[in-house]
Amino acid sequence: MELVTVCVQQITVMFILIAAGYICGKTIISQDTGRQLSKLVLNVVNPMLIFMSYQMDYDARLMKNLMMSVLLGAVSYAAAILLSEIMFAKSGTDTRAADKFFAVYSNCGFMGIPLINGLFGSEGVFYLTGYLTCFNILVWTHGIMLYSGGEKESFGKTALKVITSPSVIAIIAGIFCFVLQIRLPELIAEAADYIGSMNTPLAMIVAGVTIAGSGRITDMLKNGRAYYISTVRLLIIPLIFVLMCRLCGYFGTPETVFMTVAVAAACPGAATGVMYAVNYDKNPVYASNVFALSTILSAVTLPLTVTLCGLICF
């Protein structure tokens, strides 16, 4: 129950920040500025927070748990991809890409990192990077294939995109420093911590700005299909993952690792889906509506997911 209370408190804070971002998006921050801020979060702030989560004393237990996080992430995505292919095989051509994408990919970076940081601290963020590794590999391969109509890029191009994504660079550099116990000088570490600490407010403000640009709230709230996709993303996919792990004895995973992955899998639709929809001209208005609605509904569903995990698993 304590974890649920902390979750509710963290989500309340995050949604206050989202509301501030929404107001700014309607008054002083343009959508272009919002996109630039999004790049700042994705390319600088978010990776810095990830890297700094590895600046701790080496512990074989932590490394083992990190590998368990990667395994759970792979299981989660495999189940989500299979389910999305079955559930949305007959979706209309104008919504099929977004339906499948948002069912599979959560906003585990933008919303996951600040939420996990609030729930479990730097150790939770450390474990979350295992899930983020799976996300980055798949979103640059399977995710792009969904929006590009199945066109495949060369292995070299795909590998380059994955390896050069800022989050993956931060994870690789972080693990390298963690294993070899390389620590940043105190002053640099303090500056890096300041940058990383901007993740929650900036990410949530950007989310609010994006929602402000998604059209009128009343129109979004009337979009029945967006509710359906949001239900799949926020409840069905996480619940199936939790039940699978329950049947398999959690693969011997410690509670903190399991809860970290479960919360990441239960986050709202990934903002990347909106960017892909714009780039490939695949109904970006619909994608924006699903992103915005799932983000709003997650205020209720995330605490519910944490509660269900506690009841079913521990």
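## A loop to start with

Where is Q181 found? This residue sits in the loop between α8 (166-180) and α9 (186-197). Keep in mind that we're looking at a predicted model.

Q181 isn't a glycine, yet its phi is positive, at about 55°. The residue is partly exposed, with a relative accessible area of 34%.

## Another positive phi

N283 also has a positive phi, near 50°, and again the residue is something other than glycine. Look for N283 in the loop between α14 (272-279) and α15 (284-313). N283 is partly exposed, its relative accessible area being 25%.

What makes such values worth a glance? Most residues other than glycine have a negative phi.

## The overall fold

Zooming out, the protein is built with 15 helices and 0 strands. Its radius of gyration is 18 Å, close to the 20 Å the globule rule gives for 314 residues, so the protein is as compact as a globular protein of that length. Along the principal axes, the C-alpha atoms fill a box of roughly 50 × 50 × 45 Å.

As for how the chain packs against itself, take the contacts with a separation of 6 or more: 87% of them are between residues 24 or more positions apart. Buried residues make up 50% of the 314 in the protein.

## Surface and charge

The accessible surface comes to about 13700 Å², and carbon and sulfur atoms account for 68% of that area.

How values were computed. Residues are numbered from 1 along each chain as its sequence is written. This is a predicted model: local features need pLDDT of at least 70, side-chain atom pairs count only at pLDDT 80 or more; totals for chains, interfaces and linings use all residues. Side-chain values use heavy atoms; hydrogens and water are left out. Helices (H or I, at least four residues) and strands (E, at least two) are DSSP runs, numbered from the N terminus. The radius of gyration is taken over C-alpha atoms; the globule rule is 2.2 Å times the number of residues to the power 0.38. Buried means under 20% relative accessible area, exposed over 50%, partly exposed in between (1.4 Å probe, protein chains only). Contact means heavy atoms within 4.5 Å. Accessible areas come from the Shrake-Rupley method with a 1.4 Å probe; for residues, only the protein chains shown count as cover.
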